[in-house]
Amino acid sequence: MGATLFFLIGLKALVLLLRFEKNKKKKKKWKKEEQIQEHQQEEVEEAVNQLAGIPIIPNDQKSKSGVIFILERASLEVAKVGKTYQILNSDDHANFLRKHNKNPGDYRPDIAHQALLAILDSPLNKAGRLRALYVKTEKGVLFEVKPHVRMPRTFKRFCGVMLQLLQKLSISATSKREKLLRVIKNPVTQHLPVNSRKIGLSYSSEKLVQLQDYVAAASNDVNLVFVVGAMAHGKIDKEYTDDFISVSGYPLSAACCIARICNTLELKWRIQ
Ligand SMILES: C[S@@+](CC[C@H](N)C(=O)[O-])C[C@H]1O[C@@H](n2cnc3c(N)ncnc32)[C@H](O)[C@@H]1O
């Protein structure tokens with residue numbers, strides 16, 4: 001009887017000890033997760049603070065014609081993964097996406113990131129000829145990116161900034177009131193100047209053009225609006241475009257297609 005009691009007390013103590021150890025491990029894991037989240041948040045804050053780039057638009061360029069880019073169907077979807085909200089991507093969230101019957105291949109925020117860098121880093125933008133830049137997500141959220149924004153170079157920080165934008169609907173420069181990124185109302189056409197020519201781009205278009213000739217033929221009085229897809233598969237909606245062209249005999253990445261457009265306009269406008 002005494003031995004059984006002693007055994008039971010020992011067993012109970014062992015169970016309590018194991019439970020205590022388990023809780024200790026859990027708390028340690030939570031603390032580590034919290035620290036990672038705090039670190040990520042700090043990184044995003046830093047990236048947001050750096051968004052306000054150096055002014056790049058010389059005043060005398062304002063009167064000249066310019067270009068507008070619209071990135072269509074950008075894969076920028078927010079979801080709660082575990083305890084945190086994240087921008088879904090095919091590398092980090094493949095299991096999560098499959099579990100929700102989604103094709104990981106469709107979740108490619110890197111395409112929009114590279115496309116934005118190609119536009120914002122171009123000499124065309126630095127010369128002040130980028131009039132406006134709009135992005136429409138696959139879910140239909142439309143946002144504006146100010147041409148002088150310094151987009152985060154790394155993908156992780158880019159996703160942090162996009163997450164903040166889609167949750168808060170705008171991101172302002174810390175020192176000023178100016179909104180550097182902001183969600184705006186659809187349709188995008190209401191934000192375009194009246195003298196705009198909207199040109200949709202797709203490899204699938206039957207109208208294959210020589211971009212130099214195409215751009216040379218455009219009047220200097222119109223604002224050229226290029227609509228480029230920022231998705232992995234499918235094509236852009238050509239409903240609101242005035243023309244639908246292919247610029248190469250090869251399927252290009254969005255960033256490569258944009259580089260081609262920027263380069264052609266830089267030659268036309270003699271931007272070195
Ligand atoms: C990765 S692609 C999307 C793939 C899609 N199958 C397509 O070709 O439309 C991204 C975007 O780049 C542009 N693009 C790619 N190749 C092109 C080409 N040869 N001519 C014109 N635009 C092109 C299109 O706007 C396309 O939506």
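Let's start at the end of a helix: α5 is followed by Leu-169, which has a positive phi, near 75 degrees. Keep in mind that this is a predicted model.

Now step back into the helix itself. α5 covers residues 155–168, so to speak a run of 14 residues, and its first and last C-alpha atoms are 20 Å apart, close to the 20 Å expected at 1.5 Å a residue. Which residues of α5 are buried? They are Phe-158, Cys-159, Gly-160, Val-161, Met-162 and Leu-165. The cover over these buried residues comes from several places, including the helices α1 (2–49) and α3 (109–120), and also the strands β3 (84–87), β5 (142–145), β6 (170–172) and β7 (179–184).

Two packed helices are described by the angle between their axes and the distance between the axes. For α3 and α5, the angle is about 95 degrees and the axes lie 10 Å apart. An angle of 65 to 115 degrees counts as roughly perpendicular, and α3 and α5 are therefore roughly perpendicular to each other. On the α3 side, Pro-109, Asp-110 and His-113 meet Phe-155, Phe-158, Cys-159 and Met-162 of α5. By class, that contact has 5 nonpolar, 1 polar and 1 charged residues.

Finally, go over to the ligand. The ligand is surrounded by 19 residues, and the closest are Leu-201, Tyr-203, Gly-229, Ser-246 and Leu-252. Strand β9 (223–229) and helix α7 (254–268) each supply at least two residues of this shell. Sorted by class, the shell has 11 nonpolar, 7 polar and 1 charged residues.

Conventions: Residues are numbered from 1 along each chain as its sequence is written. This is a predicted model: local features need pLDDT of at least 70, side-chain atom pairs count only at pLDDT 80 or more; totals for chains, interfaces and linings use all residues. A residue is near a molecule or strand if its C-beta atom, placed from the backbone, lies within 6 Å of it. Helices (H or I, at least four residues) and strands (E, at least two) are DSSP runs, numbered from the N terminus. Ala, Val, Leu, Ile, Met, Phe, Trp, Tyr, Cys and Pro count as nonpolar, Asp, Glu, Lys and Arg as charged, and the others, Gly among them, as polar. The expected span of a helix is 1.5 Å times one less than its number of residues. A residue is buried if 20 or more other C-beta atoms lie within 10 Å of its own, exposed if 12 or fewer, and partly exposed in between; C-beta atoms are placed from the backbone. Two residues are in contact if their C-beta atoms, placed from the backbone, lie within 7 Å. Axes are lines fitted to C-alpha atoms, for helices over the stretch in contact, and angles run from 0 to 180 degrees between N-to-C directions. Angles under 35 degrees count as roughly parallel, over 145 as roughly antiparallel, 65 to 115 as roughly perpendicular and the rest as oblique.
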